[in-house]
Amino acid sequence: HKKNSGWIHRVMLKKSNSLIVLEDKILFKKNSKISKPLVKLKKGRLVHIKKCLPGWCKIKADKFIGWIETKNIWGKIN
């Protein structure tokens with residue numbers, strides 16, 4: 001995502017749904033801005049996707065599981 005180039009052998013790749021946060025974001029308990037905020041995710045953070053709805057994705061970041069808006073993220077969400 002930063003226009004870097006290089007190589008990696010395919011045996012080192014693992015299929016997982018993940019994304020990178022492109023700006024600081026709040027992780028919410030539910031898929032609503034008025035729900036309880038859980039933690040602030042810093043720019044550049046790699047998170048794993050549990051599921052996505054229009055405009056929101058449920059993700060896991062370390063021990064936290066919650067929802068973030070899909071604006072300003074990098075990765076395949078569908």
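Tutor: Begin with Asp24, which is partly exposed, at 36% relative accessibility. Here buried means under 20% relative accessible area, exposed means over 50%, and partly exposed lies in between, with a 1.4 Å probe and protein chains only. The model is predicted, so local features need pLDDT of at least 70 and side-chain atom pairs count only at pLDDT 80 or more, while totals for chains, interfaces and linings use all residues. Residues are numbered from 1 along each chain as its sequence is written, and side-chain values use heavy atoms, with hydrogens and water left out.

The side chain of Asp24 forms a salt bridge with that of Lys40, at 3.9 Å from N to O. Asp24 sits in the loop between S1 and S2, and Lys40 is in strand S3 (residues 37-41), so this pair links parts of the chain 16 residues apart. Strands are DSSP runs of E with at least two residues, and helices are runs of H or I with at least four, numbered from the N terminus. A salt bridge needs a side-chain nitrogen of Lys or Arg within 4 Å of a carboxyl oxygen of Asp or Glu. Side chains of opposite charge can pair when their charged atoms come close.

The whole structure has three salt bridges. Another joins Glu69 and Lys33, at 3.5 Å from N to O. Glu69 belongs to strand S6 (residues 64-69) and Lys33 to the loop between S2 and S3, 36 residues apart. Lys33 is exposed, with a relative accessible area of 55%. Arg45 and Asp62 also meet in a salt bridge, at 3.0 Å from N to O. Their places are the loop between S3 and S4 for Arg45 and the loop between S5 and S6 for Asp62, 17 residues apart. Arg45 is partly exposed at 27% relative accessible area, whereas Asp62 is exposed at 60%.

Now turn to Lys25, in strand S2 (residues 25-28). Lys25 is buried yet has no salt bridge, and the nearest side chain of opposite charge, Glu23, is 4.4 Å away. For charge, Lys and Arg count as positive and Asp and Glu as negative, while His and the chain ends are not counted. A polar atom of the Lys25 side chain does lie 2.7 Å from the backbone oxygen of Lys71. Leaving aside neighbours within four places in sequence, Lys25 is in contact (heavy atoms within 4.5 Å) with residues including Lys40, Leu41, Glu69 and Lys71.

Leu41 leads on to the nonpolar part. Not counting residues up to four places away in sequence, Leu41 touches Asp24 and Lys25, among others, and also Leu27, Val47 and Ile59. Leu41 is one of the eleven residues of the largest nonpolar core. Such a core is a set of buried Ala, Val, Leu, Ile, Met, Phe, Trp, Tyr and Cys residues joined through side-chain atoms within 4.5 Å. Strands S1 (18-21), S4 (46-53) and S5 (56-61) each give this core at least two residues, and S5 has the largest share, three residues.

Terms used. Polar contact = N/O pair within 3.5 Å; in protein donor to acceptor, adjacent residues only side chain to side chain.
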